[in-house]
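Subject: Handing over the structure

Hello,

Here is the structure I promised to pass on. My notes on what turned up in it follow below.

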Amino acid sequence: MAHSIDASFTALPLRALADAALARARALGAHHADFRFERVRSAAWRLRDAKPSGSSDTTDLGYAVRVVHGGAWGFASGVDMTMDAAARVAGQAVAMAKLSAQVIAAAGSDERVELAHEPVHADKTWISSYRINPFEVADEEKTALLAEWSARLLAASGVAHVDASLLTVQENKFYADTAGTVTTQQRVRLHPQVSAVAVDETTGEFDSMRTIAPPAGRGWEYLTGTGWDWEGELERIPELLAEKMRAPSVEAGRYDLVVDPSNLWLTIHESIGHATELDRALGYEAAYAGTSFATFDQLGKLEYGASMMNVTGDRTAEHGLATVGYDDEGVKAQSWDLIKGGTLVGYQTDRRIAKLTGLGRSNGCAYADSPGHVPVQRMANVSLQPVAGGLSTEDLIGGVERGIYVVGDRSWSIDMQRYNFQFTGQRFFRIENGRLAGQLRDVAYQATTTDFWGSMEQVGGPQTYVLGGAFNCGKAQPGQVAAVSHGCPTALFRGVDILNTNQEAGR
Amino acid sequence: MSRSSKPYEIVERALELSSTDGCMVIADEQSSANLRWAGNALTTNGVTRGRTLTVIATVDGAQGTASGVVSRSAVTADELEPLVRAAESAARKSDPAEDAQPLVGDAEPTVGFRDAPAETSSAVFARFAPALGEAFARARAGGRELYGFANHEMTSTYLGTSTGLRLRHDQPNGTLELNAKSPDRSRSAWAGVATRDFQDVDLADLDAELAQRLGWAERRIELPAGRYETLLPPTAVADLLIYQLWSAAARDAAEGRTVFSKPGGGTRVGETLSPLPLRLRSDPHEPGLESAPFVIAHSSGDDASVFDNGLPLSATDWVRGGRLEHLVTTRHSAGLTGLPVAPGAGNLILDGGNGRSLEEMVAATTGRALLLTCLWYIREVDPATLLLTGLTRDGVYLVEGGEVVGAVNNFRFNESPVDLLSRATEAGRTQKTLPREWGDWFTRAAMPALRVPDFNMSSVSRGV
């Protein structure tokens, strides 16, 4: 369904404020200035055992001016909708650039900010792909659906509690810069989750089973049958949870793993997505999120993983959470290779990093999560490509004598250079002689990035490909969150370390 | 409505516009200034101003009271009434809220409720910014690279309710994180401080400490995974115990789904968690760590309720004498669990140690121990044991015979803070500290260092 940009957004004095801010920045000597007006509406509902336990409806609205002045960055933001106020914010941004220049000079540095060239995109609009804007659906319809799902699970044997939640976002951005690019965009996304809890009151043991439906750049239709089989998944959860409660604790050791896309997306996010952010690799996140083992000198050389490993960065994937028409520096969305045939061949960049490293044009990875934040280099949709004609999940399992099939994400952690990681999941199925043989509990897998991807023996076909993702990827200081998708097929890994989390806890 | 409009007037006007059974209005006036740097050079900076207005409308019905919560930033005069109506509409269309309680009343108005909000600006860095430039120059000359972030925020919160509450709280919040690396980035050291105004920040002292630590790391020692006697510095203890506090919702425990659940039903309140006489507490009036003295809840959740807005907060012992004393409750969850009302507060303090500084604990180490700098990427592995995983970062040092003898590789750990309290053999002197992992959300902490005889370093991390 074709949509137009929300009229209540375009009715705001976007261009007038931009003109006032950019004119003031120019008059104060800024070499470059960009103006970004954002309205981000986020609404959330939580139900506990089918009863409302919290809701919120938050709209963040304002604008930001970023300048390059005297070779230094300056940034300021404001909320007052007057031309004078916008010009004043531009002045504050220039003042911050001057403060930066003083500090840089005091340090004896000659570093100057320069930006990679980008063609001018004048008066462009872009809207993400969805059918029904969730903000046009009555709130009571949303909570009724969550309550009905919760009640259905609560009625099942062995389910003690059910937590259900829905988060919906509509993001509107207007961008203008001194080069002449002007873009107006609208994105919609949502994240539904349902989790069932079982409690054995005698032993005190408990466990949970959560839906594995990913967040999506879709509309309300996602909850009513388009893009995910909610009925099928909810029907299976009570039995899966009951089986998990009875499941034996895993024996620690090395296992072959068949990893479902519902789990593998997060491993990709942590070990490839963040590792191929060039600002990290260069040290611009060193004090906070960290750096990367995939340093710039290894471009075109680093053997990241097995030869069938092909990973792309993509800002154009339909329904992707990081999909845009233009990034927050006015760069048109693109798709490119990060890993090809197992070798590192690309990075994610913004305009400054692209210029600094001589890579030419930025591939459009600048993003700010709110009008009060400066755009930073953020992740594109980073996805592992399936193999044409590749195996089904069943066939991949069929090739394993003793192993574990991992489904759904749960706990995740990786070191500050993206070597050492540990993940858990929602469901771990024992594989014996090519067949699933019931669930296991207390499982975590631990590996080093290149060892793990080097142990990938087979990549599934397009029929196994699923676009997973997250709403809440954190980066930068001040901290920002971004939504990002990761597509992948099911894949087979040989000889991965499995921990027993009970033993890790000293029990 | 321009920014010159007074927040209390906005609160009063929104309450006047309210037409439902109850209404709470929260105006948050926020300003911030920040500097960020990498490789001895400033990278980004910014100043921000913002206002968020939250309206919580309540509607009584035969089945109970429903609530509607709507927040907007940059609210204009034209948008004030639509905002109130949106909250009322949400309440009218909602099912009764499970956490519904009578709105809080009967509190004296805060002095200064009608005053303008407190603000920060780049001027807060007037002394710090030049010192930072000098630190860059000094680091460059000394063969070090400095990375880090300085941030100062001021939030003035105005709370008004239809039951007559008129409360205000000003919360300054400053943090400095300083990271030094050798030019080849094979050695790394970190220091962080929380501050209310940057007047007490001594950059030269911190830089000197980092230079010393990089010096320690010139001797590199490789150690395998395993269980080691470990000295956890205050920042690491804070990160672990903050997560424990976040996992201490009484209702979840009573329902049998947390580490604080008792097998067979009920909670572990009253159980001894540590043989040491430790006291874990929150106190909104703790000197230097002051936080809001009343509940400010923008939405309801497992450990907070919008209906408790304005409820006075007092000192609460979560653990006293090593014994679990309280779990986090709202008025609603207190009623459900039979536990006393104990809302969460904005600071966390662990005391009851022996008064030794970390340096004295190092000197008192008779055998071999690991001295950590901080923890990173902490995530929950198993809620039943509160098993957390994460990594050491920016310096693990080997202590032998009471002295640091070199730097060790980093590790991934798997540990539960609840279990650590039971195994710790020594707690040192409590001091203000900046939690490294959770510093984006929780900055007001005071902790001692802990000595743990068998900390579980699950695997080696090559990351530096």
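Before the rest, a word on conventions. This is a predicted model, in which local features need pLDDT of at least 70 and side-chain atom pairs count only at pLDDT 80 or more, while totals for chains, interfaces and linings use all residues. Residues are numbered from 1 along each chain as its sequence is written, chains are lettered from A and ligands numbered from 1 in the order in which they are written, and side-chain values use heavy atoms, with hydrogens and water left out.

Back to that sheet in chain A. Strands β9 (residues 311–314) and β10 (residues 335–340) of chain A are antiparallel and share four bridges. (Strands are DSSP runs of E, at least two residues, numbered from the N terminus; two strands pair if DSSP finds at least two bridges between them.) They belong to an open, antiparallel sheet of four strands, ordered β11-β10-β9-β14 in chain A. β11 (343–344) and β14 (381–384) of chain A each have a single partner strand, so one side of each has no neighbour in the sheet.

Now the interface. In chain B, 84 residues are in contact (heavy atoms within 4.5 Å) with 83 residues of chain A. The buried area is about 7,100 Å², with 51% from carbon and sulfur atoms; this is the accessible area (1.4 Å probe) that the two parts lose on being put together, summed over both.

Seven salt bridges are counted between chain B and chain A, where a salt bridge is a side-chain nitrogen of Lys or Arg within 4 Å of a carboxyl oxygen of Asp or Glu. One of them joins D302(B) to R48(A), at 2.7 Å from N to O. On the side of chain B that touches chain A, strand β2 (residues 41–61) of chain B gives the largest share, ten residues.

Strands also pair across the two chains: β2 (residues 51–69) of chain A runs parallel to β3 (residues 64–73) of chain B, joined by two bridges. There, T58(A) has S71(B) as its bridge partner.

Finally, the aromatics. Over all chains there are 33 aromatic pairs, meaning rings of Phe, Tyr and Trp (its six-membered ring) with centres within 6.5 Å; planes under 30 degrees apart count as stacked, over 60 as edge-to-face and the rest as tilted. Among them, F421(A) and Y445(A) are edge-to-face, with centres 6.3 Å apart and planes at 90°. F421(A) lies in strand β16 (residues 420–432) and Y445(A) in strand β18 (residues 443–448) of chain A, 24 residues apart.

Best wishes
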